[in-house]
Amino acid sequence: MKPKVLLTRSLPSSVLARLEAACDVDLFRGGGPVPRAEFLARVAGKEALLSMVTDTVDRAVIDAGTELRVIANVAVGYNNIDVAAARERGITVTNTPDVLTDATADFTMALMLAVTRRLGEGERMVRRGDWKGWAFDQLLGMQLRGKQLGIVGFGRIGRAVAARAAAFGMTVVHSLRSGEGLALDRLLATSDVVSLHVPLSPDTRHLIGQPELARMKRSAYLINTTRGLVVDEAALAWALKNRIISGAALDVYEREPEIHPDLLPLENVVLAPHLGSATTETRTAMADLAARNVVAVLSGEPPLTPVA
Ligand code: GLV
């Protein structure tokens, strides 16, 4: 008898084949997140769970999964999992670091360029039929060369963004929760672009709120590709509306897929639908790494990428 695995979304066929060779796979085919009651029912009797960022794997889910040995999140962030509850039961939790670093850093640059060069505004103007032709002073943005990028959280993705920003001629500073680098206040007060790369934890929830936004330059931009809850969205909408900062580009939100209604009418914010790691190559690599973690743990081997 093969061990039973619950898979909450379909994965590339090569990855499914790897899992099916070693496990008996129960795949939820609903498309969206598994409804709560169904999640609790289907995790029962499973030795492994392959979860997505949209699955809340809290204590109740872990309690319902009495046979669980491994929870493999298909994401680098794992704030959706109650790791302490899993640890109490001796369940291994894994994530997918490294494989998504380049894709996410690339997308951070895409957002930075989009907001500083007013790409969203321009696209909306064209599609509305309002473009009357080239004009000397049309939608002027901010050049990146010579500007300071402040990176908050200097892990794998933060460092990959720093390397890209250097190629654009930016000066890079960073701030770490450990106190290394520039103090956050100083980084906020002096940077032309601030990009957030800290994981979500009780410590980083609403790390950027009204006082922090007020500390930024009026000409500065904020980029968020980590987790929505790191930013107080209502405060950000206030800051953008009142031009406390110049603009923002967001890939993540406090209550995905809901977006704070005050952000939607604003021209100076780029709103992306959580696409940081969304390339075919990267999503395949993430799924494959999660599947290899499951197979390793179920075969009694050490996981490849356990969370700390
Ligand atoms: C996606 O949001 C991830 O954490 O990988």
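This is a predicted model: local features need pLDDT of at least 70, side-chain atom pairs count only at pLDDT 80 or more; totals for chains, interfaces and linings use all residues.
Residues are numbered from 1 along each chain as its sequence is written, and side-chain values use heavy atoms, with hydrogens and water left out.

**Helix α6**
- Helices (H or I, at least four residues) and strands (E, at least two) are DSSP runs, numbered from the N terminus.
- Within α6, which spans residues 119–128, you'll find Glu-121, Gly-122 and Met-125 buried (under 20% relative accessible area; exposed is over 50%, partly exposed in between, with a 1.4 Å probe and protein chains only).
- Look down the axis of α6 and its buried residues fall within an arc of 95 degrees, so they line one face of the helix; the arc is that of the directions from the helix axis to the C-beta atoms.
- Turned away from that buried side is a face of α6 with the exposed residues Leu-119 and Arg-127.

- Most residues other than glycine have a negative phi, and most peptide bonds are trans.
- Arg-118 has a positive phi near 60 degrees, sits in the loop between α5 (101–116) and α6, and is partly exposed at 27%.
- Leu-139 has a positive phi too, near 45 degrees; its loop runs between α6 and β6 (148–152).
- The peptide bond from Glu-256 to Pro-257 is cis, with omega near 0 degrees, and Pro-257 lies in the loop between β10 (247–250) and β11 (269–271).
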